[in-house]
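My notes follow in the order I took them.

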Amino acid sequence: MAIARLINMQCGYFISDIHITLPEHPRTGLFTAFLRTLSGGKNISHLFLMGDVFDLWLADHRYFIDKYQSVIDEILRLKNEGVEIHYFEGNHDFHLRYYWADQLGLTVHDGPIYVELGNQTLRLEHGDEMDPDDRGYRFLRWFLRTPPIRFLICRLPGALIVRIGERVSATSRTYTSKAKTIADVDAITMIRAHAKRAYAAKPFDIIISGHVHIRDDYIFRDGTKRFRSVNLGTWLDAPCYFKIDESGNHFFELSCGDMAQST
Ligand SMILES: [Mn+2]
């Protein structure tokens, strides 16, 4: 009986904006150490990678696969243990299906989805479409996904991918959470305004996003309406995950301290 219960376990983990750069960076070790604490059939049934997991990942180029093999190995282990894994494209990692879906068998999303988990309806998205006024980005997002550009990105020569990848890793070394394009208060306003618009279009119990690098957890109440808006923040600030388990609890846990010591 206990086994059936474990198989039916609904325990989802949500992570975004890790912005993994170099394999030897402590943040990479922290993420793989975090994944090693998870075990399919024991403490996780669903893993949601909510975008910008890597600071750069394009299509199925060998450069990224070789560079991030240690991360891929842990994700693949979870998949082989029966964990259902969803990977949302961000603005730093896209055209993911050629590797993560076609070769590894994960489910890849390039926009918002609704899922049922533990009696709750969730709306999940990276969050890069959150700002309705950012027409420049919306155009870029569309443009990068047009068939001719997708064709080009998938066929960039390996040497050029290496140069781009090294350039991105080098500039990202100086990344700090201070490098934000909008103020925290504006980001929170945007997260919550987007949640309200999304709820009006199609209701949910919880909306979970990332992208803006501001952790936010807010309950809306308006008459009989009630929903929760969660933004996952970024591992550049403080590594964390959001978890929904079968008892319906959902909470953040900072994963920094003990796991940093285990790497
Ligand atoms: Mn993003």
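I sort residues by relative accessible area, found with a 1.4 Å probe on protein chains only: buried is under 20%, exposed is over 50%, and partly exposed lies in between. This is a predicted model, so I note that local features need pLDDT of at least 70 and side-chain atom pairs count only at pLDDT 80 or more, while totals for chains, interfaces and linings use all residues. Residues are numbered from 1 along each chain as its sequence is written, and side-chain values use heavy atoms, with hydrogens and water left out.

**Entry 1: the metal site**

I started with the manganese ion. Which residues coordinate the manganese ion? I found Asp-52 (OD), Asn-91 (OD1), His-126 (NE2) and His-211 (ND1), at 2.1 to 2.3 Å. Along the chain, these donors follow the spacing D-x38-N-x34-H-x84-H. Asp-52 and His-126 are 74 residues apart, so to speak two distant parts of the chain linked as a pair. Asp-52 sits in the loop between β2 (46-49) and β3 (57-58), and His-126 in the loop between β8 (120-124) and α6 (135-144). I count as donors the N, O and S atoms within 2.8 Å of the metal (3.2 Å for Na, K and Ca), and water is not among the atoms, so sites may look incomplete. My helices (H or I, at least four residues) and strands (E, at least two) are DSSP runs, numbered from the N terminus.

Next I looked at open space. Rolling a probe the size of a water molecule over the atoms shows where empty space is left. On a 1 Å grid over the protein atoms alone, a cavity is a set of points where a 1.4 Å probe fits but cannot get out; a pocket is an open set with protein on both sides within 12 Å along at least five of seven lines, and its lining residues have an atom within 4 Å of a point. Points are joined across faces, edges and corners, and a volume is the space filled by probe spheres set on them.

How much space lies in the second largest pocket? I noted about 160 Å³. Its lining is made of Glu-89, His-95, Leu-96, Arg-97, Tyr-98, Val-108, His-109, Asp-110, Arg-145 and Arg-150. Both α5 (97-101) and β6 (107-109) supply at least two lining residues each. By class I get five charged, three nonpolar and two polar residues. Here Ala, Val, Leu, Ile, Met, Phe, Trp, Tyr, Cys and Pro count as nonpolar, Asp, Glu, Lys and Arg as charged, and the others, Gly among them, as polar.

I stayed with Glu-89, one of the lining residues. It lies in the loop between β4 (84-88) and β5 (93-94) and is buried, at 7% relative accessibility. The Glu-89 side chain reaches the backbone nitrogen of His-95 at 3.0 Å, and His-95 is also in the lining. For me a polar contact is a pair of N or O atoms within 3.5 Å; within protein, one must be able to donate a hydrogen and the other to accept it, and residues adjacent in sequence count only if both atoms are side-chain atoms.

**Entry 2: Ser-45 and the cysteines**

Which backbone nitrogen does the Ser-45 side chain reach? I found that of Cys-11, at 2.7 Å. Ser-45 is in the loop between α2 (26-36) and β2, and it counts as buried because its relative accessibility is 11%. Cys-11 is buried as well, at 5%, and Cys-154 is buried at 18%.

How many disulfides does the structure hold? I found zero, taking a disulfide as a pair of cysteine sulfur atoms within 2.5 Å.

**Entry 3: helix α2**

I then checked α2 and found it mostly covered, with nine of its 11 residues buried. Among them are Arg-27, Phe-31, Phe-34 and Leu-35.

What is the relative accessibility of each? Asp-17 is at 0% and counts as buried; Ala-59 is at 0% and counts as buried.

**Entry 4: two C-alpha distances**

Phe-64, in helix α3 (residues 62-67), is buried at 1% relative accessible area.

Last, I looked up Ala-183, in the loop between α8 (158-172) and α9 (184-201). Ala-183 is partly exposed, with a relative accessible area of 41%. Ala-183 and Ile-214 are 31 residues apart in sequence and 9.5 Å apart in space, C-alpha to C-alpha.
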